[in-house]
Amino acid sequence: MILRKAFFLILILLFFVIPLTALLLQSLSAPWRFHTGQGIDWGWQGYSTLFENPQLWEATFISIWIGFAVLFINVTLGLFTGKALASYPYRGKAWLEALLLSPILIPSLAIAMGLHLFMIRIGLADTFWGVLLIHLVPTVPYSIKIFHNSYQQIGKTMMEQPHILGAGFWTQVFTVELPLLKPAIRSLTFLTIVISLSQYAITALIGGGRVLTLPLVFFPFLENANTSIMAAFSIWFALIPVFMYIIIESLMMFLPYSRLPWRNHR
Amino acid sequence: MTQTKLEMKNITKTFNQDTILNDLTFHLEKGEIMSIVGPSGSGKTTLLRILAGLEKPTEGEIIMNGKEITKQKANRRSISLVFQQPLLFPHMTVKENIDYGAKVSKKYKAEKIESLLEATGMARFRDHYPSEISGGQQQRTALARAMATEPEVILFDEPFSSLDPSLRQDLRYWVRDFLASRETTAVFVTHDMEEAMIMGDQIAVFENGKFQQIGTVETLHQSPANMRVASFLGGHLILNDHEFVPLHAVQLGSQKTSENGVSFHASVEHITYQHGRPIVHLYIRELEKKISLPINESLPKQEVQVTIPCDSIKTFSGEIL
């Protein structure tokens, strides 16, 4: 038991705490070279460069908006598709499941290039909505898979129980299904937001540079060798999913029958 | 005055060309409890699911209080179904689970919930989560939740089969009394004849998609309709397709005991004890049948003679009702 704890601690230190501390320290100091004889220069240059960028806030907000919208659509689509896959028996189910997973088997850039033409035709290219739609391509298959598995785990009979008691469709979704799907929604939140946030190529292609998301602001900086700026950017980047996760987690507290931390139980 | 609560007319269910339910017809009076007993896989669960509205019959109609409800959805029917597993909502406490039933069926009354908690003995555990209580308590909570919807008919699908025997025994009587005190009409499905006898006023023997016989325990034992019923009851020696002997008429001895009777050679397979009495398990080679009889003293022999007095041989009634 002690051995396992120690092992866990070492893993956490090695892969989480130490890299994160290094990143934090790096963002707060000027680039430091080994054997140059200089000490470490502490300072805020990394962050000041970051915040001097006039597009930073706009890009951050657009990224967050797109992230939330992508998450919302993912939850809605994934929930009902996953439910349907788990509850209706029919022939060719395996094929349909494979078909629904296919967007992540084909490189999304290939899909985006094909869709680009289509989006130009219907006027979605270079718009927020176009980017939103293209971000669904690499995320929706995962949501369907996650919700499908969760519904299967909850079980068909558990889904029939509220129905037998007299609950309507939406009552059932909000009182029984969503609360039991909380773990799935949690993993989905991180997954979709991180995926959506890190799409450069397809965002640039469909957004045409007009829909400004964080990666588009970051990419030019990749060329410079200033590690402090890159570290500051990385931290900024990492804070966004954490912030969004907190919002989603607080929203989930409003679901019926949630155990609220401030409410006294027994 | 009795009134017909639930009626099933010519219900047929086929699934991929397999006939699971074949032209079933029966009715239940208000407050009546019927046990449906049959071997596993005989389609009993499908029958309940059709009654509850979870599945549609291929043909036939269901009538409740004189109104046809065949096409009504499960959440609109005043029928509740208690499954084999308790299926409590894990994110709700015991009380919230019971409340839930009352709330979604729009029949919430605080006093009713209290009385249900009291009646099921779950008042002390009202704030516990399902994972914190025992299997029997979970099943009782599930029953309270089903009762909270104030159903006119309540269906049970082997609700005690996942419980240990002593708990099962207690809960059977408890549920029976509970239903009787509320005059609830109920259908109770089981594969256990003893359970069927405890729970039901009427027993329906169900096999091969059909009711083989519906009647009281006495009727079933005194005049079983056919071979299937008799072999399921286990209280008769079946001689052939249309003749049987009640086991209490069967005589044992080293020689043929009665002049006026048929006699068979039987080998003693085993002796067990039940209700404090030794039970001998015999194999009659000629009929290829196994029977179990209570005996008064131990039988030392391996081979015995089974004698059946001619006047105790009866024929199957062939009447379903």
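This is a predicted model: local features need pLDDT of at least 70, side-chain atom pairs count only at pLDDT 80 or more; totals for chains, interfaces and linings use all residues.
1. **Helix H1 of chain B.** How enclosed is helix H1 (residues 44-52) of chain B? Seven of its nine residues are buried, so the helix is largely enclosed by the rest of the structure. The buried residues are B:Lys44, B:Leu47, B:Leu48, B:Arg49, B:Ile50, B:Leu51 and B:Ala52. Note that B:Lys44 and B:Arg49 are on that list. An α-helix has 3.6 residues a turn, so residues three or four places apart point the same way.

2. **After the helix.** B:Gly53 follows H1(B). The phi of B:Gly53 is positive, near 100 degrees.

3. **The sheet of chain B.** Chain B holds an open sheet of four strands. Their order is E2-E1-E4-E5, and the pairing is antiparallel. Which strands are at the edges? They are strand E2 (18-29) and strand E5 (67-68), each pairing on one side only.

4. **The E4–E5 pair.** Strand E4 (residues 59-64) of chain B pairs with E5(B) in the antiparallel sense, over two bridges. Opposite B:Glu68 in E5(B) stands B:Ile63.

5. An unreviewed UniProt entry lists "transmembrane region" for residues 62-86, 98-122, 128-148, 188-209 and 229-257 of chain A. Residues 98-122 are 76% helix and 0% strand. The end C-alpha atoms of residues 98-122 are 29 Å apart. Residues 229-257 are 83% helix and 0% strand. Here the end C-alpha atoms lie 45 Å apart.

6. **A:Leu222.** Where does A:Leu222 sit? Its place is in the loop between helix H12 (214-218) and helix H13 (227-252) of chain A. Is A:Leu222 buried or exposed? A:Leu222 has 11 other C-beta atoms within 10 Å, and a residue counts as exposed if it has 12 or fewer, so A:Leu222 is exposed. From A:Leu222 to A:His148 is 74 residues in sequence. In space, the two are 39 Å apart, C-alpha to C-alpha.

Technical notes: Residues are numbered from 1 along each chain as its sequence is written. Chains are lettered from A and ligands numbered from 1 in the order in which they are written. A residue is buried if 20 or more other C-beta atoms lie within 10 Å of its own, exposed if 12 or fewer, and partly exposed in between; C-beta atoms are placed from the backbone. Two strands pair if DSSP finds at least two bridges between them. UniProt positions are given in the numbering used here, feature names are shortened, and annotations may be inferred rather than shown by experiment.
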